[in-house]
Amino acid sequence: HYLVDREMVIALGSVVWRGLDGDQAIEMPLAEAWEVRDGKAVSLRPFFFDTGALMAGSVSATTRGTTA
């Protein structure tokens with residue numbers, strides 16, 4: 001899902017984090033705030049909803065529902 005207001009785009013989706021050993025996956029909602037000027041992205045601020053789970057171990061990410 002995308003919310004657009006002139007130079008700001010909010011992207012809503014989810015992200016799946018998996019331990020580097022591949023044994024456990026954590027899925028959580030993700031929001032991204034994109035600032036756009038002259039048709040180009042100038043900033044991106046991601047908002048993760050469970051940072052404690054991310055800090056619990058080494059993880060890699062796969063996004064769902066958003067494209068950059």
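**Strands, turns and charged side chains**

The bridge partner of glutamate 35 in β4 is serine 43. The model is predicted, so local features need pLDDT of at least 70 and side-chain atom pairs count only at pLDDT 80 or more, while totals for chains, interfaces and linings use all residues. Residues are numbered from 1 along each chain as its sequence is written, and side-chain values use heavy atoms, with hydrogens and water left out.

Strand β4 covers residues 40-48 and runs antiparallel to β3, with 8 bridges joining them. Strands, like helices, are DSSP runs numbered from the N terminus (at least two residues of E for a strand, at least four of H or I for a helix). Two strands pair if DSSP finds at least two bridges between them. β3 and β4 form a hairpin with 2 residues between them, and aspartate 38 in the turn has a positive phi of about 55°.

Glutamate 35 also takes part in a salt bridge with arginine 37, where the closest N and O atoms are 2.7 Å apart. A salt bridge here is a side-chain nitrogen of Lys or Arg within 4 Å of a carboxyl oxygen of Asp or Glu. A search of the whole structure finds 1 salt bridge. Arginine 37 is partly exposed, at a relative accessible area of 42%, and glutamate 35 is partly exposed at 23%. The classes are buried (under 20% relative accessible area), exposed (over 50%) and partly exposed in between, using a 1.4 Å probe and protein chains only.

Glutamate 32 is found in strand β3, residues 25-37. The side chain of glutamate 32 does make a polar contact with the side chain of tryptophan 34, at 3.2 Å. A polar contact is a pair of N or O atoms within 3.5 Å; within protein, one must be able to donate a hydrogen and the other to accept it, and residues adjacent in sequence count only if both atoms are side-chain atoms.

On to β2. β2 and β3 pair in the antiparallel sense over 11 bridges, and glycine 13 has leucine 30 as its bridge partner in β3. Serine 14 is placed in strand β2 and counts as buried at 15% relative accessibility. Its side chain makes a polar contact with that of glutamate 27 (3.2 Å). Valine 15, also in strand β2, is buried at 1% relative accessibility.

Strand β1 (residues 2-5) pairs with strand β2 (residues 8-19) in the antiparallel sense over 4 bridges. Alanine 11 in β2 is the bridge partner of tyrosine 2. β1 and β2 form a hairpin with 2 residues between them, and arginine 6 in the turn has a positive phi of about 55°.

Finally, the whole chain. The chain has 1 helix and 5 strands, in the order β-β-β-β-α-β along the sequence. Buried residues make up 24% of its 68 residues.
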